[in-house]
Amino acid sequence: MNLFRGSNHAASYSKFRPSYPAELLKTILDFLGEKHPPPYRHAVDVGCGTGQSTQYLAGSFQQVTGADVSEAQIEEANKNEKISNVTYKVGMDSSIPCDDNSVDLVTAAQAAHWFDFDKFYAEVDRILRPNGCLAIYGYTVPSIVYGDKTEAASQLLAEFRRKFILGHEGSDYVKRITKIDTRYKDVEMPYPSSTRVDSLHFELPVTVDWIIGYLTSWSSYQTYLKKNPTDLDFLTRQFKDKLLTALGDPEMGSNTPVTMRYPVFLLMSRKPDEG
């Protein structure tokens, strides 16, 4: 997919994509530790973007590698990285830049719906050590939490996504992106020892302007701008003004604090022990 390769998109992705709750990493490490106790040498984050989920692993592994097909995303990640045991490389689902049997954990955060699963699973099996694990996770469309205006504001975001995101893209894009909505319920994991968790979430205090910035990180918005390069006020016209109204006052400040609530889903699978 070529949706995340522009430098402007990479900068937006780096600034506005959220990270994940500590409970998610604990759940992954607990699953990994059932058959493969620490210390852990190497984790690889595939489809790493600008590194939000890659950095998340740094405290639990001696080495962490982020791999992404987009050179612009990797350049942005390297520009901002300050953690000594984290490196970023260009790579993809069908060509992960790691040696055979060298990795304890492979992750894919908000990315696997873009993958060719057959090729990805073959690469995962090649690089994982016995009893190593694959963890695929992400978050669905968030709610905008603001007192008694929560339902109206959240419905507005969902409607915007349906009409604009799903209504202005091709069928393959829609098929892939809606896997997020179903929490990857149709995704079959590669090994018999597999499980899923749907009980996690995280909340992020933000502003209305931050929400607009977050929407600029969506691949569909970047695609729209390429097709309509002069329509720079699209988000204000189609969403921001309506959001301010839904929150109760179209004259309220764009820096008014609100909360984004992200439901998280997690799928995990363990490679069998060779013995």
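Contact means that heavy atoms lie within 4.5 Å. The structure is a predicted model, in which local features need pLDDT of at least 70, side-chain atom pairs count only at pLDDT 80 or more, and totals for chains, interfaces and linings use all residues. Residues are numbered from 1 along each chain as its sequence is written, and side-chain values use heavy atoms, with hydrogens and water left out.

View 1. Leu200 belongs to strand β7, residues 193-207; strands (E, at least two residues) and helices (H or I, at least four) are DSSP runs, numbered from the N terminus. Not counting residues up to four places away in sequence, Leu200 touches Glu23, Leu24, Thr27, Pro263 and Val264. Glu23 is 177 residues from Leu200 in sequence, yet their C-alpha atoms are 7.6 Å apart in space. With a relative accessibility of 14%, Leu200 counts as buried. Buried means under 20% relative accessible area, exposed over 50%, and partly exposed in between (1.4 Å probe, protein chains only).

**View 2. The aromatic pair of Tyr20 and Tyr56.** The structure holds 19 aromatic pairs. Rings of Phe, Tyr and Trp (its six-membered ring) pair if their centres lie within 6.5 Å; planes under 30 degrees apart count as stacked, over 60 as edge-to-face and the rest as tilted. Tyr20 and Tyr56 form a tilted pair, with 6.2 Å from centre to centre and 55° between the planes. Tyr20 lies in the loop between α1 (7-16) and α2 (22-33), and Tyr56 in the loop between α3 (52-55) and β2 (63-68), so the pair ties together parts that are 36 residues apart in sequence. Tyr20 and Tyr56 are both buried.

**View 3. The aromatic pair of Trp210 and Tyr214 in helix α8.** The ring centres of Trp210 and Tyr214 are 5.5 Å apart and the planes are at 5°, so this pair is stacked. Both residues lie in helix α8 (residues 208-216), 4 residues apart, or about one turn of the helix. An α-helix has 3.6 residues a turn, so residues three or four places apart point the same way. Trp210 counts as buried at 18% relative accessibility, and Tyr214 counts as buried at 3%. Helix α8 is mostly covered, with 8 of its 9 residues buried.

**View 4. The cluster of aromatic rings.** Ring pairs link Tyr20, Tyr56, Tyr137, Tyr139, Phe160, Phe202, Trp210, Tyr214, Trp218, Phe234, Phe239 and Tyr262 into a cluster.
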